[in-house]
Structure formats: C-alpha cells, structure tokens
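Here are a few notes to read alongside the structure.

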Amino acid sequence: MNRRARTAALTAATAVALTVALTAPAVAAGPVAAHGGHDATGRAVRAAVADGVPGVTVTVRRGHGTWAATAGVGNVNTGQPRSVRDHYRIASITKTFVATVVLQLEAEGRLSLDDTVEKWLPGAVRGNGNDGRRITIRQLLNHTSGIFDYLEDPGFQQTYMTPDGFMKHRFDEAAPEDMLAIAMKNRPYFEPGASFAYSNTNYLLAARVIEKATGNGYGAEIDRRIIAPLHLTSTSVPTTRVTLPRPSSRGYSKLARETTGPTYDVTELNPSLAYGSGQMVSGSADLTRFFSALLRGRLLPPEQLKEMKTTVDFGDTNRYGLGLVDRKLSCGTHVWGHDGGIYGSRSDAVTTGDGRHSLAVNFNGDWSGSTDAIIEAEFCGK
C-alpha cells in the first residue's frame with residue numbers, strides 16, 4: 001500500500017500512525033449475547049493486547065445476534081478493564097457520517113455531487129494552484145480532489161503532533177477556516193480527478209458544504225438525520241468538549257514514531273481540530289448498527305447508495321467510495337466500512353454488503369496491534 005493509502009488506512013484524523021508498544025495485562029470478557037463462531041476473533045483480540053495494545057473492545061452483529069468482548073485494560077494505572085459499552089473517539093469514521101448526509105441532501109435535490117466547491121464555498125479554495133471552481137463535491141468525498149491534507153503541513157505537525165506541542169496545544173480551539181488556511185498554503189497533490197490522495201481537508205470542506213446547504217451545523221444534521229432515527233445512544237458530534245462520556249477508557253500514546261520512550265495519557269483533547277474529518281464519538285454497538293443500516297439502504301435511496309459504493313483505487317485490495325471503503329479480505333469476502341485514528345484511539349468498523357454481519361473494534365492506544373487481523377478473524381475465521 002502506498003504512503004497516502006497507508007495513512008488513510010491507519011490514522012486519518014488528527015494523528016499520524018505511531019508504531020510503538022506498551023505492555024498491558026489481558027483481561028478477557030465474555031460475550032454479551034453468544035452467537036457462536038467467534039473463537040478466532042477472540043484470539044485476535046487477545047493477540048492485539050499481547051502485541052502491546054493497552055485494551056480492546058469489540059462488538060459483532062450478525063443476523064439477530066450480538067457478540068461482544070474486551071481484552072486488556074482501560075486504565076493502565078488502576079488495571080480497570082475495558083467495557084463493551086465504552087465511548088471512544090472514532091476519528092475518520094466520522095467521514096462516513098458526513099458523506100451520508102451529503103448524499104441525503106443530493107437525494108432531496110438540495111445539491112448535486114457534480115456541484116463545484118466554489119458554488120457552495122465561494123473563494124474558500126484558492127491560491128497556490130488550488131481552484132475550487134474545478135473541484136466537485138464528489139471529488140471531495142472520494143479523495144480525488146488533489147487538495148493538500150492539512151495534517152501533513154510541517155508547521156501543523158510541529159505544533160500539534162510532537163509531545164511538547166500536543167501538551168501545550170491539546171485544548172486549543174480552532175475554526176475550520178484555520179485548518180483550511182493551512183491547507184491552502186500548500187500546492188495540491190495533483191490536478192482534480194487525476195489520482196487519489198487521502199486528505200482530511202476534503203471532509204472539512206464537505207462538512208462546510210452541509211452547513212451552507214442546510215443553514216445548520218454539520219453535527220446538528222448528523223444528529224437529526226442519523227443519530228436520532230437509528231437511536232445511536234452512544235454517538236455524538238462534540239464541539240469543544242475535551243472529555244469522553246461515561247463509560248470510557250483512558251487513551252494512550254507515545255506521541256512519537258519510536259518504539260521506546262514515555263507513554264502519555266492523551267484522553268482529554270479538543271476535537272475541533274478534526275472537524276468533519278474526524279470529530280465524532282461513538283461506541284462499538286452503535287457503529288455496527290450504523291453501518292448495518294447504511295448498507296441495508298435504511299439511510300439512503302438505492303441511487304445514492306450506489307453512488308456511495310462507486311469506488312476508486314485505494315491501494316492493495318482496497319477501494320474508496322464516497323466516505324466508504326471496500327475492503328477485499330484474504331478469503332475473498334468484501335466488507336464495507338471505514339477506520340480512524342486519533343491520539344489514544346484506533347478504531348475500525350465494517351459490514352458485509354448486505355449489512356447482515358458487522359464488526360466494530362477500538363484500541364485505546366494508537367501504535368500497536370492490528371484491527372485488520374481482528375476483521376480477518378471474524379469474517380475469514382483466521
């Protein structure tokens with residue numbers, strides 16, 4: 001997988017992938033409602049903790065049955081185990097919610113995916129070779145716009161992604177225009193539509209399009225159109241709240257690319273830096289319900305769901321649709337979903353094409369273990 005595809009697959013919100021290890025004891029929890037056939041998944045969850053993930057929580061929805069389990073700890077100081085009801089930051093899984101709302105607006109005739117960014121956000125994408133008159137909403141949603149990812153800006157990384165920078169600025173409040181200004185200081189990766197490059201700036205802009213089209217905050221539209229109808233009781237779009245709802249676990253990071261060094265508790269932070277690219281909080285049960293409903297057509301008409309599942313090459317066996325990844329597993333099974341990484345949290349949520357078999361998993365550390373291995377175990381039995 002190329003560098004940008006790997007960035008999308010493992011991080012994709014307000015942090016880079018951090019590849020280090022932390023030893024934590026494994027504390028396996030039993031299923032909430034047994035449905036059989038999850039032995040391989042349980043082993044993969046425990047293996048992630050053995051690899052250094054502090055704690056894991058996972059929920060599987062299959063047919064009318066639900067299975068959930070945890071391993072490891074939610075607090076390395078007290079040894080408190082993780083809960084299957086944990087709230088956590090879902091980072092770039094937010095993108096699927098944003099894309100769903102954009103497609104609902106298209107279905108209502110309130111916008112077109114072929115509208116230019118300039119039409120909705122006049123003058124927002126300009127300078128250094130950027131031109132919103134040549135970029136469509138569709139290209140924002142499938143990352144073919146070429147717009148620079150503000151997370152890759154060296155100044156942004158120095159300010160927010162180093163240990164000193166993070167500790168100093170973790171509670172800063174930032175407007176989306178501030179992040180967009182950082183992106184616009186950089187030249188685009190390529191001409192609009194010429195290639196694929198994962199960019200969080202795309203979904204910052206998509207969220208702003210929602211707000212221009214509706215007159216409401218993008219979070220309010222997600223709440224009204226998705227969270228409330230599906231009764232997602234653990235899901236929210238926080239604005240500047242720095243803490244997580246209860247129950248929740250602590251989030252841990254090395255704030256470095258090295259495999260040694262101190263471990264930091266990074267649970268509290270201001271999520272406004274992520275905005276529409278990764279601001280949301282949810283839980284595993286809610287995420288399985290959301291992706292199941294989405295792929296079953298409960299949130300979008302057939303035409304818009306087809307558009308969402310129309311993909312471009314993403315790297316290896318993955319393809320990217322409109323806020324939705326098509327992932328081909330080693331056994332040939334295709335699952336649809338998204339992953340997300342932010343300081344102290346790595347998450348993955350997928351479902352089969354018919355929405356009948358879904359999984360959501362979260363690590364409360366951002367450097368070790370493999371959510372891919374857990375997905376392979378559940379859907380391929382290995």
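How many residues lie between β13 and β14 in their hairpin, and which residue in the turn has a positive phi?

1. Keep in mind that this is a predicted model. To take the question: four residues separate β13 and β14 in the hairpin, and the turn residue with a positive phi, about 75 degrees, is Gly-355.

2. Have a look at both sides of β14 (residues 357-363). Strand β13 (residues 345-352) runs antiparallel to β14, joined by six bridges, while β1 (residues 55-62) also pairs with β14 in the antiparallel sense, over seven bridges. Asn-362 is a handy landmark: Thr-57 stands opposite Asn-362, and Ser-347 has Asn-362 as its bridge partner.

3. Seven of the seven residues in β14 are buried. His-357, Leu-359, Val-361 and Phe-363 point one way, with Ser-358, Ala-360 and Asn-362 pointing the other way.

4. Now for the nonpolar cores. The largest has 77 residues, and Phe-97, Leu-141, Phe-156, Ile-222, Phe-290 and Leu-294 have the most contacts inside it. Helix α9 (residues 200-214) gives the most to this core, with eight residues. A second, separate core of 23 residues includes Ala-40, Val-335, Val-350 and Ile-375.

5. Leaving aside residues up to four places away in sequence, Ile-222 touches Phe-97, Val-98, Val-101, Ile-227, Val-237 and Met-280.

6. Finally, please check Arg-89, which sits in strand β3 (residues 88-89). Arg-89 is buried but has no salt bridge, and Glu-268, the nearest side chain of opposite charge, is 6.8 Å away. A polar atom of the Arg-89 side chain does lie 3.0 Å from the backbone oxygen of Thr-267.

Conventions:
Residues numbered from 1 in each chain as written. Predicted model: local features only at pLDDT ≥ 70, side-chain atom pairs only at ≥ 80, totals over all residues. Heavy atoms only, no water. Core = buried A, V, L, I, M, F, W, Y, C linked by side-chain atoms within 4.5 Å. Buried < 20%, exposed > 50% of the residue type's maximum accessible area, 1.4 Å probe, protein only. Helix = DSSP H or I, 4+ residues; strand = E, 2+ residues; numbered from the N terminus. Contact = heavy atoms within 4.5 Å. Lys, Arg positive; Asp, Glu negative; His and termini not counted. Salt bridge = Lys/Arg side-chain N within 4 Å of Asp/Glu carboxyl O. Polar contact = N/O pair within 3.5 Å; in protein donor to acceptor, adjacent residues only side chain to side chain. Pairing = 2+ DSSP bridges.
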